[in-house]
Amino acid sequence: MTTATTRHSDRRISPVFLGILAVTAVTGWATWTGFAAQPGVAVFLFVTAAWIVSLCLHEYAHARTALHSGDISVGAKGYLTLNPMKYTHALLSIVLPVLFVIMGGIGLPGGAVFIERGRIRGRWRHSLISAAGPLTNVLFAVVCTAPFWLDTLDGVPADFRFALAFLALLQVTAAILNFLPVPGLDGYGVIEPWLSYSVRRQVEPFAPFGLLFVFALLWVPAVNGVFFDAVDGLLGALGIHEFDTYCGYELFRFWRGENGICAVAG
């Protein structure tokens, strides 16, 4: 396996990422302690910041795997600094995923880092680079759900539990959707190296629209219902009740006002 030597500055964690991490920590603390005058605002900032952190780690996983697979250009492009401002498509990388969360409670990272595939040899390496991102979401989901399936939430404030449940839902949906074999998503990137050249050429024009196609499909009530039933079933198996994710989403959308049911539960 080819490794690469990059400058130390190419690997230094960006102050931008550290700032987002600090926002996550501070707003998480405010949600836990009830320090915030408006808990919904604290939950919104906590979940949004934590979601952006996971987006950065998702793209870092792609870049780091590519680096050790032969693409020595990722360091100079700034992809190893975890700085979201260095991504190829800022709109797809940060803005659209956050809008997806606000509009539909769906976690769907977009394409961001440009990998020079010509530098990489071997189909397995190409597949692993594509899989590395959503596997990071799987790991993040394990961390978020662990307090639930380990039954360690006694005494944990309800608002923080709701926020953690909603964040877990975002990671689970991100992992599932990204693994779909749709052009433009990581799932297709996993299988693409194993397809014939003619098939890849025919599919290539549709890649820029894959993300929008999936999002549009999820607006179809029947598809949306089946998808979220599956997600709720998976989360339920991990100890997260649908009520927790519902209240987490309601708190996240603080501009809609306080939900009486969730307030009573808290």
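Modeller: In this predicted model, let us begin with the second largest pocket, which holds about 350 Å³ of space. There are 18 residues lining this pocket, and those closest to its centre are G104, G105, N224, F228 and Y249. Helix 11 gives the largest share of the lining, with 5 residues. Sorted by class, the lining of the second largest pocket is made up of 10 nonpolar, 4 polar and 4 charged residues.

From the pocket we can turn to a pair of helices. Helix 3, which covers residues 39-67, packs against helix 5, which covers residues 123-149, with their axes 8 Å apart and at an angle of about 150°. Angles over 145 degrees count as roughly antiparallel, and helix 3 and helix 5 are therefore roughly antiparallel to each other. The crossing in which helix 3 passes helix 5 is right-handed. Where these two helices meet, the residues from helix 3 include W51, L57, H58 and H62, while those from helix 5 include L128, P134, N137 and F140. Taken by class, this contact between helix 3 and helix 5 has 11 nonpolar and 8 polar residues, with no charged residues.

Methods:
Residues are numbered from 1 along each chain as its sequence is written. This is a predicted model: local features need pLDDT of at least 70, side-chain atom pairs count only at pLDDT 80 or more; totals for chains, interfaces and linings use all residues. Side-chain values use heavy atoms; hydrogens and water are left out. Axes are lines fitted to C-alpha atoms, for helices over the stretch in contact, and angles run from 0 to 180 degrees between N-to-C directions. Helices (H or I, at least four residues) and strands (E, at least two) are DSSP runs, numbered from the N terminus. Angles under 35 degrees count as roughly parallel, over 145 as roughly antiparallel, 65 to 115 as roughly perpendicular and the rest as oblique. A crossing is left-handed if the near helix is turned anticlockwise from the far one by less than a right angle, and right-handed if clockwise. Contact means heavy atoms within 4.5 Å. Ala, Val, Leu, Ile, Met, Phe, Trp, Tyr, Cys and Pro count as nonpolar, Asp, Glu, Lys and Arg as charged, and the others, Gly among them, as polar. On a 1 Å grid over the protein atoms alone, a cavity is a set of points where a 1.4 Å probe fits but cannot get out, and a pocket is an open set with protein on both sides within 12 Å along at least five of seven lines; lining residues have an atom within 4 Å of a point. Grid points are joined across faces, edges and corners, and a volume is the space filled by probe spheres set on the points.
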